[in-house]
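User: I have just opened this one and would like a guided tour. Could we begin with a term that I will need along the way?

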Amino acid sequence: MEWLQQLVNGISIGSIYALIALGYTMVYGIIKLINFAHGDVFMIGAFIGFWAISRWDIGFLPALLLAMVICAVLGVIIERVAYKRLRNSTRIAALITAIGVSLLIENLMIFFRGAQSAVYPATIENKAINVFGAQISSLSLLILGVSIFLMLLLQFIVHKTKIGKAMRAVSHDAEAAKLMGINVDNTISATFAIGSALAGAAGVIFGLYYTRIDPLMGIVPGIKAFIAAVLGGIGSIPGAMVGGMLLGVVETFVSAMGFSSWRDAAAFLILIIILIFKPSGLFGKNTREKV
Amino acid sequence: MLQVNNINVFYGNIQALHDVSIDVQEGEIVTLIGANGAGKSTLLKTLSGLLKPKTGDIVYLGNKISGKPAQSIVKAGMSHVPEGRRVFANLTVEENLELGAYLRNDKAGIAKDMAHVYELFPRLLERKKQLSGTLSGGEQQMLAMGRALMAKPKILLMDEPSMGLAPLMVKAIFDIIRMVNAEGTTVLLVEQNAHMALSVASRAYVLETGRIVLSGSAKELQESDEVRAAYLGGL
Ligand SMILES: Nc1ncnc2c1ncn2[C@@H]1O[C@H](COP(=O)(O)OP(=O)(O)OP(=O)(O)O)[C@@H](O)[C@H]1O
Ligand SMILES: [Mg+2]
């Protein structure tokens, strides 16, 4: 039954990647920008959660909510200050700006609190639950539960609400969306807000699971989430979900087979294979676009 | 109802409209004809706020609207059916129609207008859960029109609704234009199909390389030698 245990671990780690990947894919879908600062929003979320739980002692769910709200605001500020004015310039200019924003956030964080890591408080008791003979950690299940709830919420927002329909319309044809009376700027900001809130939530549950956080912690999960988004088909919301989960499962099995030092390499190998054989990803439309 | 006074519109350094003036009275169907690249779409985009005129102004229902954002123009009752339909292919037919009513909050009114659109275009009703990208060209044109009608416009701007459609479908679309007009919606119709356009319109303007070169009643233009030679395929 060990494989079941690994599968659950893989899916719950993967769901963290998926939450981050959603922000990449939604932003790419609407303004065709790979927001390289997204991993740093995830890091900020982890720290907000850390402070909320250890210093302000507000408990897990309120901390999660607070991190999501603050990250949403941060995402909108980043978009308005750094990206909005570049909407009509070349993609490479926007991409370089995104890298600049990423470095800025990382270094501001180091400047204000130092580069040392912090240890997440164990607010959630982690015990092993016996499921069909497999020992499954309750923390994994919690992570999985929170992620799935957030993804269902996102599906609801995107498909059933007015703002969700506006987001899909703008990502397909911004000019036609304007003719419907849709405020394109606000819709883009809403997309950043939602994507960043999900990254913030991912940061908090990442902290709970791995217990160690630091100002550069966003880089590797950020890149992996980006790979997950490409794997699923960048721009596709279900793609990001499935891509993230798949990546988590592959990594976990690579580790479980005794190749844990190859774990990160496996992710990049997947990226290379996808880019060679199916650049549009699992759920992507079949158009090749250069980033 | 709509007055355009001497507008000049540029794309960067290139001037697309030169001192264009037109007016549209309430209840009319006015058509604007012209060859490829004459500036017809540019004029409609300027009316609906996608482009800003450099000089000149646009007055709609007594208010100056030139320079205002597109959403306030939609809100004021002007809807634009763009060239090439531009339906949201990744959304269903029904969702496209809902987006047409994006600025409205009167649920009952929206439901009533949706039912009316389905009455005008029964084909859309049959396909309401279908992704609009899978519709045929004619059906997409119907959807683009229905979507614009969902905003409850006082004036409808239509850019080449007949483009790429078979004659039977063109006729159906023009019948709907007449019907919508008879229900009280003013129409400004841009067409290359001058024959069809002049047959539904009461007045017409001819645009050539960004300038209005002729205007008059549709009947006059149908009989004018210049128009016949250039736009109605000879005498
Ligand atoms: N985005 C743009 N950038 C630069 N020039 C443009 C742009 N759009 C249109 N133009 C130019 O403005 C002129 C008028 O174009 P417009 O699209 O208004 O013509 P049109 O009358 O609608 O033609 P068609 O019948 O082919 O649709 C053309 O010379 C065109 O090349
Ligand atoms: Mg045109």
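This is a predicted model: local features need pLDDT of at least 70, side-chain atom pairs count only at pLDDT 80 or more; totals for chains, interfaces and linings use all residues.

User: Then is A:F42 buried or exposed?

Analyst: A:F42 counts as buried, because its relative accessibility is 0%.

User: Which ring does A:F42 pair with?

Analyst: A:F42 forms an aromatic pair with A:F206. The ring centres are 5.3 Å apart and the planes stand at 80°, an edge-to-face arrangement. A:F42 belongs to helix α2 of chain A and A:F206 to helix α8 (residues 184-210), so the pair ties together parts that are 164 residues apart in sequence. A:F206 is likewise in the buried class, because its relative accessibility is 12%.

User: Which residues make up the cluster of ring pairs there?

Analyst: Ring pairs link A:F42, A:F206, A:Y209 and A:Y210 into a cluster.

User: How many aromatic pairs does a search of the whole structure find?

Analyst: The search finds 10 aromatic pairs over all chains. One of them joins A:F36 and A:F226, with centres 6.0 Å apart and planes at 55°, so this pair is classed as tilted.

User: Where do A:F36 and A:F226 lie in chain A?

Analyst: A:F36 is in the loop between α1 (2-31) and α2 (38-54), whereas A:F226 is in helix α9 (residues 219-232). The pair therefore ties together parts that are 190 residues apart in sequence.

User: Staying with helix α8 of chain A, what about A:S196?

Analyst: A:S196 is located in that helix and counts as buried, because its relative accessibility is 3%. A:S196 and A:M68 are 128 residues apart in sequence, yet their C-alpha atoms are 7.3 Å apart in space.

User: Let us change topic to ligand 1. Which residues come nearest to it?

Analyst: There are 13 residues around ligand 1, and those that come nearest are B:N36, B:G37, B:K40, B:S41 and B:T42.

User: What polar atoms lie by the oxygen atoms of ligand 1?

Analyst: A backbone N or O atom of B:G37 lies 2.8 Å from an oxygen atom of the ligand. For B:A38, a polar backbone atom is 3.2 Å from a ligand oxygen. B:S41 uses its side chain instead, with a polar atom 2.7 Å from an oxygen atom of ligand 1.

User: How much of ligand 1 does the protein bury?

Analyst: Taken alone, ligand 1 exposes 630 Å², and the protein buries 60% of that.

User: And which protein donors does the magnesium ion have?

Analyst: The protein donors of the magnesium ion, ligand 2, are B:S41 through OG and B:E83 through OE, lying 1.9 Å from the ion. These two residues come from distant parts of the chain, 42 residues apart: B:S41 is in helix α1 of chain B, and B:E83 is in the loop between β6 (78-81) and α3 (93-100).

Notes:
Residues are numbered from 1 along each chain as its sequence is written. Chains are lettered from A and ligands numbered from 1 in the order in which they are written. Side-chain values use heavy atoms; hydrogens and water are left out. A residue is near a molecule or strand if one of its heavy atoms lies within 4 Å of it. A polar contact is a pair of N or O atoms within 3.5 Å; within protein, one must be able to donate a hydrogen and the other to accept it, and residues adjacent in sequence count only if both atoms are side-chain atoms. Accessible areas come from the Shrake-Rupley method with a 1.4 Å probe; for residues, only the protein chains shown count as cover. Donors are N, O and S atoms within 2.8 Å of the metal (3.2 Å for Na, K and Ca); water is not among the atoms, so sites may look incomplete. Helices (H or I, at least four residues) and strands (E, at least two) are DSSP runs, numbered from the N terminus. Rings of Phe, Tyr and Trp (its six-membered ring) pair if their centres lie within 6.5 Å; planes under 30 degrees apart count as stacked, over 60 as edge-to-face and the rest as tilted. Buried means under 20% relative accessible area, exposed over 50%, partly exposed in between (1.4 Å probe, protein chains only).
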